[in-house]
Amino acid sequence: MRYQVADGNSMQTGQPRSAETDLSCPDCSSTRLCRVGSIPDAFEFAGRMLGSPLAGGSLYRCNNCSLHWRHPQPGKAKLDALYRQGNADSWQDNPGKRLDWQLGTALIRKMKNAASVLDVGCFDGRFLEYLGQPYLRAGIEVHPLAAKHAAEKGIQIVGHDFSALDTLTVPFDVVVALDVIEHVSNPRELLASLVKATRPGGLVIVSTGNTAAWSWRLMGGMYWYCSIAEHLAFINPDWCTRTAAKMGLEIEQISTFSHEPTKMLGSAIQASANIFYHYLPDLAYKIRCLDARLKGEARRPSFKTPPHWRSAKDHFLVAFRVPNSSHQASLSG
Ligand SMILES: [Zn+2]
C-alpha cells in the first residue's frame, strides 16, 4: 500500500524526493506524515571521520504524534559498529556549561528517598561524577573504553546497551538519559524501558533536542542537530505530554535550555551563519573553503554540513514521574 506524503519545506535542496513513499510513523504508525526536508550527508560519526559519507536522507514529521525522524536510517549492526569505532575522547563537556546536568542534579537532590541513580548512556561517567555522593550510581554504556573509564570512577556498569534496561532485577529511584533518546529510532520504546527500570514513585529524566524550537523550525532538515549522523529521531514537549498520558506517567517538569549559552554577539553570528547556509549552502561551502585556504588549512568535506547553532535554545529536559502503583500495566501501549 502506498501513502501520500506532503512536502513541508520547498526550500530544502540536495536530495531527490518522491511524492509518495511507504513510510509510516515509527511511534504511532500514522501515515499522516510531512517531509520536512533533506538532511545533508554526514562525514563524521561519534567524533571520527568516515571513509565514505553517510547519506543524510530526509527529515519527516508525524502530524499525529509530532515525532520527527530521519529516513532512511543505517541498520542496527552498522550503527553498533560505528559506535564501537567512535572516539572515546570526543565528549569533553564542561559540567559548568551543561544545563541539563544542573537541572537533572537539582531534581535528584530535591527528591526525597532517592538512593540509586541509573545513567543510561553514561559514557565515561561524568554526569554521575558531577552528581556526586551519596547515591548508588550505575550506568549503561555501549563504548567499551568509556564504560571502563566510568567503572574507574566507581560507577557500577550494569549493561552495555538499552536491552539491559528490560532485564534489571532491582529498579532504580531515578533513571536518567541525557542526550540519548535522539540516538534511537523509536523514542517511545526507549522511554518504556526507562520506566520499567524505575521504581514506582521514581523519576525518569530525559534531555534532548527540541523540534519545536524556532531555530529548528526555521532550518528544517538542514538543522545542525538533525544533521549529526548519530541522531535518528526527535521529540518535543508536546510529544512528551501526549506520550506521558498514553503511558500513565505524570510530567514533573519541562525546562527548555541552550546547550551552549553564548553572549549576544556570538549568538548573532551563529544565527547569521545558519540562515546564510540555509538559503545559500553552496556559497557557504565555497566561503568555508576560501577561509581554510587563506589560513593554510586543508579543505574538509564536512564544510558541506550545517554550521552548529549550539547557542540556540533548542534543547529541553523533561522529568516523568512514574505512578506509585500498577505502572507496569500501562507500558505495553
Ligand atoms: Zn506518530
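**Entry 1: the model and its confidence**

I am working from a predicted model. I checked confidence over the protein chain. The mean pLDDT is 87, and 88% of the residues reach 70 or more. Residues 1–20 fall below 50, and this stretch has 36 contacts in the model beyond near neighbours in sequence. I found another stretch under 50 at residues 327–333. For residues 327–333 the model has 12 contacts beyond four places in sequence.

**Entry 2: overall make-up**

I listed the secondary structure next. The protein chain has 10 helices and 16 strands. It has 333 residues, and 41% of them count as buried.

**Entry 3: helix α10**

I went back to α10, which runs over residues 281–294. From first C-alpha to last, α10 reaches 20 Å. That is close to the 20 Å expected at 1.5 Å a residue. Just after α10 I noted Gly-296, with a positive phi of about 75 degrees.

**Entry 4: the nonpolar core**

Which residues have the most contacts inside the largest nonpolar core? I found Val-120, Val-175, Leu-194 and Val-204, in a core of 74 residues. Strand β12 (residues 172–178) gives the largest share of this core, 6 residues. I also checked the domains. The core draws at least three residues from domain 1 (3–84) and at least three from domain 2 (99–261 + 310–332).

Val-204 is then in contact with Val-175, Leu-194, Val-195, Thr-198, Phe-320 and Val-322.

**Entry 5: cis peptide bonds**

The bond from His-71 to Pro-72 is cis, with omega near 0 degrees. Pro-72 sits in the loop between β8 (68–71) and α1 (76–84). Gln-133 and Pro-134 are also joined by a cis peptide bond, with omega about 10 degrees. Pro-134 sits in the loop between α3 (126–131) and β10 (136–140).

I noted Ala-46, where phi is near 50 degrees. Ala-46 is in the loop between β5 (42–45) and β6 (48–54). Is Ala-46 buried or exposed? It counts as buried, because it has 21 C-beta neighbours inside 10 Å and the cut-off is 20 or more.

Asn-113 is in the loop between α2 (99–110) and β9 (116–120). With 8 C-beta neighbours inside 10 Å, Asn-113 counts as exposed, because 12 or fewer is the limit for that.

**Entry 6: Ser-24**

Where does Ser-24 lie? I found it in the loop between β3 (20–21) and β4 (33–38). Ser-24 counts as partly exposed, because it has 15 C-beta neighbours inside 10 Å. Leaving out residues up to four places away in sequence, Ser-24 touches Ser-29, Ser-30 and Thr-31. I also checked Ser-24 against Cys-62. The two are 38 residues apart in sequence, and their C-alpha atoms are 8.3 Å apart in space.

Terms used: Residues are numbered from 1 along each chain as its sequence is written. This is a predicted model: local features need pLDDT of at least 70, side-chain atom pairs count only at pLDDT 80 or more; totals for chains, interfaces and linings use all residues. Helices (H or I, at least four residues) and strands (E, at least two) are DSSP runs, numbered from the N terminus. The expected span of a helix is 1.5 Å times one less than its number of residues. pLDDT is the predictor's confidence in each residue, from 0 to 100. Two residues are in contact if their C-beta atoms, placed from the backbone, lie within 7 Å. A nonpolar core is a set of buried Ala, Val, Leu, Ile, Met, Phe, Trp, Tyr and Cys residues joined through C-beta atoms within 7 Å. Domain bounds come from an automatic or database domain assignment.
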